[in-house]
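User: I have a structure open and I'm new to it. Can you take me through some of its features?

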Amino acid sequence: MKAIKYFSLGLMSAFAFSACSDQFLQDKKNYDNVTTDVYNYIEGANARLNDIYAWCLPQVGDLTESTNYLSVSMGNADIAGSSTEEYTGFSNFVNPEIELTSMSTQNAVPDYFMGAHNNIQNSIYGRIRNINDFIAGVSGSSLTEEQKNQMLGQAYFFRAWCYYNLVKWYGGVPIVTEMLDPIVDNYTPRSTTKETIDFILNDLEQSATLLAPFTLGGGWGSGDYGRVTTGTALALKGRVLLLWASPLFNRSNDQTRWQQAYTEMKEDLTSINACGYGLYQTNNNINGSDFAAQFLTQNVNPEAVFVGLYNNIPGDGLDNQRNNRWERDIRPANTGGGGKRAGLALVELFPMADGKIPNLANVPDLAVAAGRTYKNTYSKLERSKYAYDETAPFMNRDPRFYRTFAFPGFRWAYNGDASLRDAHNPSDGKNYVLWNYVWYTSLSDQGNPESGNSYGADNLLTSKQGIYVRKKSDDLDVNGSPLYSYVAADTKGAAPFYSAAPLIEIRYAEVLLNLAEAACGAGQMAEAVGYLQQIRARAGYSAAVNYGLQENLSGDQAACMSAILYERQIEFAYEGKRFDDMRRWMLFDGGTQQPTGAPASWTLTGWGGNTCTWLGFTPMNGQRRENIEFRTGDKFGVGTSQWDGDPLVKAGVARPEGVNFSKEDLSTQLADLKTWYNTNLVTSYKMGDGRDSQHNALYINFRPKYYFLGLSSGAQTHNQKLPQTIGWEDYNNGGANGTFDPLAE
């Protein structure tokens, strides 16, 4: 497998530059502690650039509830994912029993501003400092103008990336462009949000311009695939423009912001395309296989506009080891993985086979809570002609559904043999079928929605999930040359899936949907629908059915915007994008509530004063999310807690052949599986979000001050002159309300 080129600080560049001194790099062992002379040599300058890539690229990790500075949300059940319909279980952002504070370390607001104060690389401003050092060093070096432009173009992008990840949380932040010594007298005030946005856009424009001669002819050569391009810079620019136009920052629905975003993004699309980007598509798209395969293309991939590359080298944390852990996290435990439980809400909101949202009006309320609180969500979108079947939720669904979730009876092939890790695990990875139905050992547990004392089939036992997240999986039926190294023996605690699957932060599909949203906001609904149609065509819909879209979208702005946000929710499920979209559009309360001390200018006056009402979206606040499992039918009785305690096996029940999504005749396979479910299994709803000490159901409460984060007590201690955000207590001023206004220009 190809190893990532820019991971190790000492790796040589793949650029076609002549070496100035072979001895030079051998004399430099630490590229974070060098003199400015390092930039006069292409090897040294590129080693510093590689260091920036290594520290600034997104990583497959959690966005934590305390301090996090290395990762944006990538689709895990972290503080972001667990605040959306994708998972269940209250994160601290939505927990009604916890209010985050900026005054202490208990229930503290997450610190995405400073991070680790004593580690320059683990602090976002530390990384910005290194980027500023690089920009100054390369600009003043003796490198050729071509070499400077090539390197500076990449550095400007990463500085903009760092600031984007600050502005989306805090609004305006200090803009530092020079190397400042860490002394008290060096103080940079918080800029306004507009100044910060303009600074980011300027850096991205510089990046796009400097990289144009090298990347507009189809991108970098294959040896430098993964480096940022003009298209990467312009795609992030589009995301920033969209953020600035969205209700979070644009409370009055200022049309000039939407028009700017639409005009510039439409113009930039030509350059993005010229860098070789486009939707990943083949001539053999079976049951959404193109949608699945786009995440598994290690070589040049048109979909991967901003991507981090990985390798599958096992080891003990050596600097040549950079593994993508997503595959091991989502795979079932009886294959050596962990498994991620998908929340029922997203399963039930996913489109049906005609592209329309399921009609949940006649589905019985859940016994575990106060009903399906989301059943009227997206009320401006047409409901499907297909009946939603709660006993077999996989029937008649959007092709992407089968590449996003896994149910009992679905094939999920992999290259390996898990029985070498545990003799009771299924042994044939190439024909692995997930059987994660459950049974109980007592009838009282079986009827208790709060009980987790169920046992999963095929040695899953207590390590089972009701519905598995399958998104971005390296499915052997999709990719015959898997990007992971399967470790059979459990030596040194080694996890089995050392994966080289790339991590795509910006897909071309997002470029199109960002532009669709900007076009809709600017009143160009017909054009917005055209971009939606491109996304739906790749998913498997045809023009004959209008790509599964309703007919009125080009004439109804609210319905069109609702359809775009719905498409984003489906297309980017478990990619870490949903929480940002919910904050941008204030979908937790529609923007109707304000934090303490908010001025009148914070009142939402656009969109009728309530984005949720305008969109026809049920506010997330006041909702619950539950789980689902499929247990053995009552007639089979209870089982035991051991691997051989399966009541169906004891009764001699034969399993059907696993549903193979590589076969075009999917409907017959699914119908057969449904019949087996109805004969042998019972749909059982389980508690997802928490209950209080009296077992009363609790409901999501995202407080209005969370739309803009405050500085944590630790960040305030180290930055005593910085004003606190409105709505948050000022640790340096006795807990008084913050004074910094993220909406003031």
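Analyst: Start with the second largest cavity, which holds about 100 Å³ of space. This is a predicted model.

User: Which residues are closest to the centre of the second largest cavity?

Analyst: Gly355, Leu381, Arg536, Leu549 and Gln550, out of the 14 residues that line the second largest cavity.

User: Which helix supplies the largest share of that lining?

Analyst: H14, with three residues. H13 and H14 each supply at least two residues. By class, the lining of the second largest cavity has seven nonpolar, three polar and four charged residues.

User: How many cavities of 30 Å³ or more are there in the whole structure?

Analyst: A search finds twelve. The largest cavity has a volume of about 460 Å³. It is lined by 37 residues, and Val72, Trp161, Tyr164, Asn165 and Lys168 are the closest to its centre.

User: Which elements give two or more residues to the lining of the largest cavity?

Analyst: Helices H2 (42–56), H3 (124–139), H4 (145–170) and H6 (230–245), together with H12 and H15. H4 gives the most, six residues.

User: And by class, what is in the lining of the largest cavity?

Analyst: The lining of the largest cavity has 19 nonpolar, six polar and twelve charged residues.

User: Now pockets. How much space lies in the second largest pocket?

Analyst: About 490 Å³. Of the 22 residues lining the second largest pocket, Ala353, Asp354, Arg397, Pro399 and Tyr541 lie nearest its centre. Strand S3 (383–387) and helix H18 (666–680) are the elements that give two or more residues to this lining. H18 gives the most, with three.

User: What about the classes in the lining of the second largest pocket?

Analyst: Eleven nonpolar, seven polar and four charged residues.

User: Back to H13. What does H13 look like in numbers?

Analyst: H13 has 15 residues and spans 21 Å from its first C-alpha to its last, close to the 21 Å expected at 1.5 Å a residue. Its buried residues are Met525, Glu527, Ala528, Val529, Tyr531, Leu532, Ile535, Arg536, Arg538 and Ala539.

User: What do the buried residues of H13 pack against?

Analyst: They pack against H7, H8, strand S12 (503–507), helix H12 (508–521) and helix H14 (557–571).

User: Which residue follows H13?

Analyst: Gly540, with a positive phi near 125°.

User: Which residue other than glycine has a positive phi near 70°?

Analyst: His695. His695 sits in the loop between S14 and H19. At 48% relative accessibility, His695 counts as partly exposed. Met586 is not a glycine either, and has a positive phi of about 55°. Met586 is in the loop between helix H15 (578–584) and helix H16 (611–615).

User: Is Met586 buried or exposed?

Analyst: Buried, because its relative accessibility is 1%, and the cut-off for buried is under 20%.

User: Different topic. How many salt bridges does the count come to?

Analyst: It comes to 44. One of the bridges is between the side chains of Glu745 and Arg257, at 2.9 Å from N to O. Glu745 lies in the segment after strand S16 (736–737) and Arg257 in helix H7 (residues 255–274), so the pair ties together parts that are 488 residues apart in sequence.

User: Which residue does Arg538 form a salt bridge with?

Analyst: Glu303, with the closest N and O atoms 3.0 Å apart. Arg538 is in helix H13 (residues 525–539) and Glu303 in the loop between helix H8 (289–293) and strand S1 (304–308), 235 residues apart. Arg538 and Glu303 are both buried.

User: And Glu450, what is its partner?

Analyst: Glu450 forms a salt bridge with Arg691, the closest N and O atoms being 2.9 Å apart. Glu450 is in the loop between helix H11 (443–446) and strand S8 (454–456), and Arg691 in the loop between strand S14 (681–686) and helix H19 (713–718), 241 residues apart. Glu450 is partly exposed, with a relative accessible area of 28%.

User: Which residues do salt bridges with shared partners join into one network?

Analyst: Glu303, Asp398, Arg400, Lys471, Arg507, Arg536, Arg538, Glu567, Glu571 and Glu575.

Notes. Residues are numbered from 1 along each chain as its sequence is written. This is a predicted model: local features need pLDDT of at least 70, side-chain atom pairs count only at pLDDT 80 or more; totals for chains, interfaces and linings use all residues. Side-chain values use heavy atoms; hydrogens and water are left out. A salt bridge is a side-chain nitrogen of Lys or Arg within 4 Å of a carboxyl oxygen of Asp or Glu. Helices (H or I, at least four residues) and strands (E, at least two) are DSSP runs, numbered from the N terminus. Buried means under 20% relative accessible area, exposed over 50%, partly exposed in between (1.4 Å probe, protein chains only). The expected span of a helix is 1.5 Å times one less than its number of residues. Contact means heavy atoms within 4.5 Å. On a 1 Å grid over the protein atoms alone, a cavity is a set of points where a 1.4 Å probe fits but cannot get out, and a pocket is an open set with protein on both sides within 12 Å along at least five of seven lines; lining residues have an atom within 4 Å of a point. Grid points are joined across faces, edges and corners, and a volume is the space filled by probe spheres set on the points. Ala, Val, Leu, Ile, Met, Phe, Trp, Tyr, Cys and Pro count as nonpolar, Asp, Glu, Lys and Arg as charged, and the others, Gly among them, as polar.
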